[in-house]
Amino acid sequence: MVCSVKGFAARRRAGTALGASLAVAAALLATAAPASAGAPAPAPAPACRGGQLVAGGAERVGAVAFRVTVVNEGPGPCVLRGHPTVALAGQGAPSRARSLTVTRQGAARPALLAVGGAAQTRISFVPVLGEADGYCASGAEPFAAPSMVIGAAGARLQLAPDDGGNFALCGTTVRATAWRPAP
């Protein structure tokens, strides 16, 4: 019977120590919580809509890529997700437009855009080689256009290269990263 009492007392001391440790941990967590913990969490921003995005630019990045920017000019913040669609404009004639296949690069994560905030994607392609008319190493016919049409959140945004040149590529495939908030 003495063993039972000693075993009970040891279990009781261990339980009391465990209870005290849990109380200290709870107190530490309570003081680490933000002051606004009692306030309701802000509602998540809605998905961006095409009407609130505008073309921000197409900056040439080396010989085979462009950094494309879109800006949220909507009435409130929004979230842009995924990868863009891409087409080259048809030099004034819709029949000369060329839709391009987009090879997606990188995981798509939500990009929260405040009003006036921007998101970017990097679009790269197989370049046209040589001077003047140029050629494609694959034997494909080179294609050049003065503007590109980017699809984002249901909008089709037309951009020209910021250096005044053309978008020139071989083939019908481009690589595009997912939208990311602009730095």
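Predicted model: local features only at pLDDT ≥ 70, side-chain atom pairs only at ≥ 80, totals over all residues.
We start with the disulfides. A disulfide is a covalent bond between the sulfur atoms of two cysteines. Searching the whole structure turns up two of them. Counted along the chain, the bonded cysteines pair in the pattern 1-2, 3-4.

The link of cysteine 48 and cysteine 78 is right-handed, with 80° about the S-S bond. Both cysteine 48 and cysteine 78 are buried.

The other disulfide runs between cysteine 136 and cysteine 170, where the S to S distance is 2.0 Å. Cysteine 136 is in the loop between strand S7 (118–125) and S8, and cysteine 170 is in strand S11 (residues 167–170), so the bond ties together parts that are 34 residues apart in sequence. The link of cysteine 136 and cysteine 170 is left-handed, at -95° about the S-S bond. Cysteine 136 counts as buried because its relative accessibility is 6%, under the cut-off of 20%. Cysteine 170 has a relative accessible area of 5%, so it is buried too.

Next comes the nonpolar core. In soluble globular proteins, nonpolar side chains tend to be buried together. Here the largest nonpolar core has 28 residues, and Val68, Leu80, Leu88, Ile123, Met148 and Ile150 are those with the most contacts inside it. Take leucine 80 as an example.

A pair of aromatic rings is described by the distance of the centres and the angle of the planes. The structure holds two aromatic pairs. In the pair of phenylalanine 66 and phenylalanine 125, the ring centres are 6.1 Å apart and the planes are at 25°, so the rings are stacked. Phenylalanine 66 belongs to strand S2 and phenylalanine 125 to strand S7, so the pair ties together parts 59 residues apart in sequence. Phenylalanine 66 and phenylalanine 125 are both buried. Ring pairs also bring in Phe167, making a cluster of Phe66, Phe125 and Phe167.

Three single residues remain. Threonine 69 lies in strand S2 (residues 65–72) and is buried because its relative accessible area is 13%. Its side chain makes a polar contact of 3.2 Å with the side chain of glutamine 120. Not counting residues up to four places away in sequence, threonine 69 also touches others, including Val54, Gly57, Ala118 and Leu159.

Serine 147 is in the loop between strand S8 (142–145) and strand S9 (148–152). Is serine 147 buried or exposed? With a relative accessible area of 9%, serine 147 is buried. Beyond its neighbours within four places in sequence, its contacts include Leu88, Leu159 and Phe167.

Alanine 153 is found in the loop between S9 and strand S10 (155–159). Although alanine 153 is not a glycine, it has a positive phi of about 55°. Its relative accessible area is 32%, so alanine 153 is partly exposed.

Key: Residues numbered from 1 in each chain as written. Heavy atoms only, no water. Helix = DSSP H or I, 4+ residues; strand = E, 2+ residues; numbered from the N terminus. Buried < 20%, exposed > 50% of the residue type's maximum accessible area, 1.4 Å probe, protein only. Polar contact = N/O pair within 3.5 Å; in protein donor to acceptor, adjacent residues only side chain to side chain. Contact = heavy atoms within 4.5 Å. Disulfide = S-S within 2.5 Å. Core = buried A, V, L, I, M, F, W, Y, C linked by side-chain atoms within 4.5 Å. Phe/Tyr/Trp six-rings, centres within 6.5 Å; stacked < 30°, edge-to-face > 60°.
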